[in-house]
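Reader: Could you walk me through reading side-chain contacts in a model like this one?
Author: Happy to; let's look at it together.

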Amino acid sequence: MPSLEASRKSNRKRTAGASLSGTNLERAGDYNQRVILQAIRVNGPVTRVVLAEITGLTPPAVANITKRLLDDRLILEAGRVQGARGQPAMNLVINPEGCLSIGVNIDRDHITIVLLDLVGAVRARATQEIEFPLPADVARFCQIQVRRMLAPWKDRPPRLSGIGVALPDDLGRVDLPHRPENYDVWSSVDIGKLLGDILPLPVFLENDAAAAALGELQFGHGLHKPSFFYVLISSGLGGGMVVEGNYFRGAQGRSGEIGFLPVRSPQTAARSLQGVVSLSALYAHLEAGGIAASRPDHLADLSHEGQALVESWIALSAKLLVQPFVGISCVVNPEAIYIGGRLPTQLIDRLVEAVNARLARVEEVPALAPVERAATSADGPAVGAALLPFMDQLLPSRAALMKTSQA
């Protein structure tokens with residue numbers, strides 16, 4: 001059997017999400033700096049000795065890298081370890097204000113903006129419930145809210161790494177109830193310019209479900225279970241797959257498109273899964289029963305009749321999700337399936353319970369991933385969007401290693 005210390009080290013590496021192994025490739029110092037920063041972010045407070053154990057880098061390399069990170073104020077010293085023999089080692093932690101990032105989630109029913117710090121805390125948040133916002137609506141809202149978010153820093157603005165934007169693929173093309181004719185303008189708008197005009201910062205774009213999955217990886221359950229499938233319930237239905245800490249995009253970058261899976265059920269006229277399992281579908285279901293609802297907060301205080309309609313929607317959604325989830329378990333074998341999005345927390349919990357109850361009756365399947373509520377839930381896409389500049393500039397990834405080794 002492995003020793004307790006060996007198990008502890010193994011678990012330490014595994015809970016990091018993205019790989020915490022350093023590299024000895026020539027000119028890969030930048031990647032090793034990313035690895036050390038990630039190791040401190042995940043394990044801090046942590047000493048340099050432990051960082052060397054986690055990353056496999058030499059103590060001198062760790063010392064040089066942590067000095068650079070301290071000089072850049074990306075990390076801070078947090079007191080010495082007490083009770084150790086000899087000179088007590090210094091603990092290191094992430095400096096939350098060492099770098100901040102802006103995340104924007106654009107969808108067919110809302111705009112959400114977050115200001116995220118380097119430890120993943122949301123320092124400011126703004127959201128607007130608006131049906132089918134147009135580019136001008138997004139630009140106006142972002143300009144006002146970003147100015148308000150940065151106001152507390154007054155004449156000394158924080159160090160900002162960039163603006164991340166998360167939005168559904170085919171935002172202007174997918175036909176959902178009440179979609180206006182001019183909404184296809186999103187198919188041709190330059191989003192980088194639209195938001196880049198607000199602040200002179202790089203703009204990063206990502207699919208909303210992929211962004212939510214990346215946020216879950218870095219700031220949620222993915223820190224402990226780095227192989228999972230994320231299901232995003234928003235105005236539509238999306239998904240994202242993370243395998244051993246790396247987001248898997250597929251050949252055309254469209255992996256995880258669970259919402260487009262075909263549905264054939266006598267209980268619904270819908271022909272795709274998102275025609276049932278989505279906020280748009282839930283609102284339409286309520287509307288057909290004489291209950292008006294068009295925002296997530298409208299689902300909190302429904303009448304008895306409205307609550308009964310929601311329960312029937314949960315039952316049908318759970319039934320239709322079983323086969324896709326069995327398929328995901330059999331093909332990918334993830335550690336968990338997480339459900340997040342703008343569906344209110346209590347409804348996500350009831351949906352999770354209903355799905356797990358049905359999965360418990362499935363037989364002759366070698367392994368079924370448990371279904372859980374995502375840690376990042378409602379703001380998952382916005383938080384994941386804010387993570388994008390950090391990933392490009394500060395955190396380790398295969399892409400970052402390739403860029404560094406090819407420099």
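Author: We will take aromatic pairs, then salt bridges. This is a predicted model: local features need pLDDT of at least 70, side-chain atom pairs count only at pLDDT 80 or more, and totals for chains, interfaces and linings use all residues. Residues are numbered from 1 along each chain as its sequence is written, and side-chain values use heavy atoms, leaving out hydrogens and water.

Reader: How many aromatic pairs does the structure hold?
Author: A pair of aromatic rings is described by the distance of the centres and the angle of the planes. Rings of Phe, Tyr and Trp (its six-membered ring) pair if their centres lie within 6.5 Å; planes under 30 degrees apart are stacked, over 60 edge-to-face, the rest tilted. Here there are two. Phe-132 and Tyr-183 have ring centres 5.0 Å apart and planes at 85°, so this pair is edge-to-face. For Phe-228 and Tyr-338 the values are 5.3 Å and 55°, so that pair is tilted.

Reader: Are Phe-132 and Tyr-183 buried or exposed?
Author: Buried means under 20% relative accessible area, exposed over 50%, partly exposed in between (1.4 Å probe, protein chains only). Both Phe-132 and Tyr-183 are buried.

Reader: And which side chain meets Glu-97 in a salt bridge?
Author: A salt bridge puts a side-chain nitrogen of Lys or Arg within 4 Å of a carboxyl oxygen of Asp or Glu; the count is 19. Glu-97 meets Arg-123 at 2.8 Å, N to O. Arg-123 also bridges to Asp-117, with the closest N and O atoms 3.3 Å apart. Asp-117 is buried at 2%, whereas Arg-123 is partly exposed at 34%.
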